[in-house]
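Please look at the structure below.

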Amino acid sequence: MSETNRVWRLRRRPVGDITDDVLSFDEEAIPEPGDGQFLFRLNYLSLDPTNRAWMNEGATYLPAIPIGDPMRGLVCGTVMASRHPEIAEGDLVSGIGQWAAYQLGDLASVSKLPDTGPIPVIDAFGVSLVGPTAYFGLLDVGQPKAGETVVVSAAAGATGSIVGQIAKIHGCRAVGIAGTDEKCRWITDELGFDAAINYKTEEIVPSLARHCPDGIDIYFDNVGGQILDAALGLINLNARIVFCGCISAYNATEPVPGPYNYINILMKRARLQGFIVLDYMPRYPEALAALGRWMGEGKIKHRLEVVDGLEQAGATVRRLFTGDHKGKLMIRVADPA
Ligand SMILES: NC(=O)c1ccc[n+]([C@@H]2O[C@H](COP(=O)([O-])OP(=O)(O)OC[C@H]3O[C@@H](n4cnc5c(N)ncnc54)[C@H](OP(=O)(O)O)[C@@H]3O)[C@@H](O)[C@H]2O)c1
């Protein structure tokens with residue numbers, strides 16, 4: 001193969017925001033697959049808030065990325081050469097890989113993407129990344145009952161937008177919190193949320209109280225911070241707080257204070273549970289089947305914000321923290337043939 005590879009590598013650990021010197025974009029030789037491995041070309045790279053956590057020194061739910069290593073990411077690619085008996089040239093694979101145009105895979109890190117039928121691969125890939133998080137987080141951890149009020153933050157984002165729609169499918173009142181009027185209109189007018197709050201222009205506590213007249217039964221937390229505090233102030237008896245993410249703290253340079261309304265978890269006999277979607281891997285087919293069915297029935301809609309060019313990844317990942325994207329953020333290198 002005459003082409004060279006292009007690889008994003010972690011050069012230093014960020015302090016606060018991801019700055020230009022944290023990652024480098026290098027030209028390298030394309031690797032050769034060994035026994036049991038295959039070489040694939042990147043089609044799509046998902047950009048996720050967890051990318052920032054993986055850059056830190058301390059382990060998260062996965063080991064920290066060593067300095068100098070390729071940046072880790074969720075990827076979808078086309079196999080170019082295979083030394084694995086179950087994988088053939090032309091197969092589509094997705095899973096945990098690298099921010100690299102060409103990379104080696106094995107069946108421990110990626111799996112064959114099932115035929116997506118009439119759904120374009122890019123949409124199937126996008127929903128497969130965040131749909132299970134919304135599905136298991138809300139249904140397994142949150143355990144919603146019809147008539148309950150579900151509040152979700154980062155509600156116009158990849159995960160939050162699906163959480164609210166699954167809540168509606170289960171007969172709940174869905175209230176979303178998002179950072180622009182356009183996002184608020186999208187989740188109410190297009191996705192069917194009952195109410196939306198722009199946390200950047202509205203007072204969060206009175207707005208939440210107004211839109212949750214019967215209190216909050218489930219708070220699906222994607223952001224932590226003051227929004228978590230506001231939600232805790234309104235929880236009902238036996239409420240569930242689904243701790244999915246804490247994006248307001250990912251770039252923090254100082255210890256993050258705990259929520260002021262923490263005591264309400266005790267007073268309301270609430271349950272606050274963190275979860276990591278990777279733990280649900282064996283049950284992904286269940287989530288993907290349900291999500292596919294709901295999408296086919298028009299009950300779940302999603303949107304993707306696609307940026308072309310792997311060279312854009314370093315700048316684009318930062319948009320997750322400013323909210324400057326509409327829906328699942330990803331890089332397109334090339335659509336599959
Ligand atoms: N536990 C798991 O297994 C798991 C799996 C996937 C994702 N997650 C977590 O789920 C959350 C959402 O991830 P996603 O991939 O779906 O991303 P996303 O919601 O598409 O993008 C992140 C959004 O967070 C909002 N945001 C950024 N900084 C914020 C702040 N300081 N305060 C409030 N909102 C802020 C922005 O929207 P606005 O314009 O509305 O501010 C931004 O668009 C993240 O915390 C992520 O780590 C967890």
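## H2 against H3

Helix H2 (residues 121-142) packs on helix H3 (residues 158-169) at an angle of about 45°, and their axes are 8 Å apart. This is a predicted model. The two helices, H2 and H3, are therefore oblique to each other. Their crossing, H2 with H3, is right-handed.

On the H2 side, the contact uses Val130, Gly131, Thr133, Ala134, Tyr135, Gly137, Leu138 and Leu139. H3 meets them with Ala158, Thr159, Ile162, Val163, Ile166 and Ala167. By class, the contact of H2 with H3 has 10 nonpolar residues, 4 polar and no charged.

## H2 against H8

H2 also packs against H8, at an angle of about 100° and with the axes 9 Å apart. Angles of 65 to 115 degrees count as roughly perpendicular. H2 and H8 are therefore roughly perpendicular to each other.

H2 gives Val127, Ser128, Gly131, Pro132, Tyr135 and Phe136 to this contact. H8 gives Tyr284, Ala287, Leu288, Ala290 and Leu291. The contact of H2 with H8 divides into 9 nonpolar residues, 2 polar and no charged.

## H8 itself

How far apart should the ends of H8 be? Helix H8 (residues 284-296) has 13 residues, so at 1.5 Å a residue it should span 18 Å. Its end C-alpha atoms are 18 Å apart, which agrees.

Which residue just after H8 takes a positive phi? Gly298 does, with a value of about 75°.

## H5 against H6

Helix H5 (residues 204-211) packs on helix H6 (residues 225-232) at an angle of about 45°, with axes 9 Å apart. H5 and H6 are therefore oblique to each other. The crossing of H5 with H6 is right-handed.

Ile204, Val205 and Leu208 make the contact from H5. Gln226, Ile227, Ala230 and Ala231 make it from H6. The contact of H5 with H6 holds 6 nonpolar residues, 1 polar and no charged.

## The two domains

The domain assignment of the chain gives domain 1 as 5-113 + 303-332 and domain 2 as 126-279. The C-alpha centres of domain 1 and domain 2 lie 28 Å apart.

How many residues of each domain are in contact? Domain 1 brings 16 residues, and domain 2 brings 15. Which elements give two or more residues to the side of domain 1 that touches domain 2? They are helix H1 (50-54) and strand E15 (328-332). That side of domain 1 has 8 nonpolar, 5 polar and 3 charged residues.

Conventions. Residues are numbered from 1 along each chain as its sequence is written. This is a predicted model: local features need pLDDT of at least 70, side-chain atom pairs count only at pLDDT 80 or more; totals for chains, interfaces and linings use all residues. Axes are lines fitted to C-alpha atoms, for helices over the stretch in contact, and angles run from 0 to 180 degrees between N-to-C directions. Helices (H or I, at least four residues) and strands (E, at least two) are DSSP runs, numbered from the N terminus. Angles under 35 degrees count as roughly parallel, over 145 as roughly antiparallel, 65 to 115 as roughly perpendicular and the rest as oblique. A crossing is left-handed if the near helix is turned anticlockwise from the far one by less than a right angle, and right-handed if clockwise. Two residues are in contact if their C-beta atoms, placed from the backbone, lie within 7 Å. Ala, Val, Leu, Ile, Met, Phe, Trp, Tyr, Cys and Pro count as nonpolar, Asp, Glu, Lys and Arg as charged, and the others, Gly among them, as polar. Domain bounds come from an automatic or database domain assignment. The expected span of a helix is 1.5 Å times one less than its number of residues.
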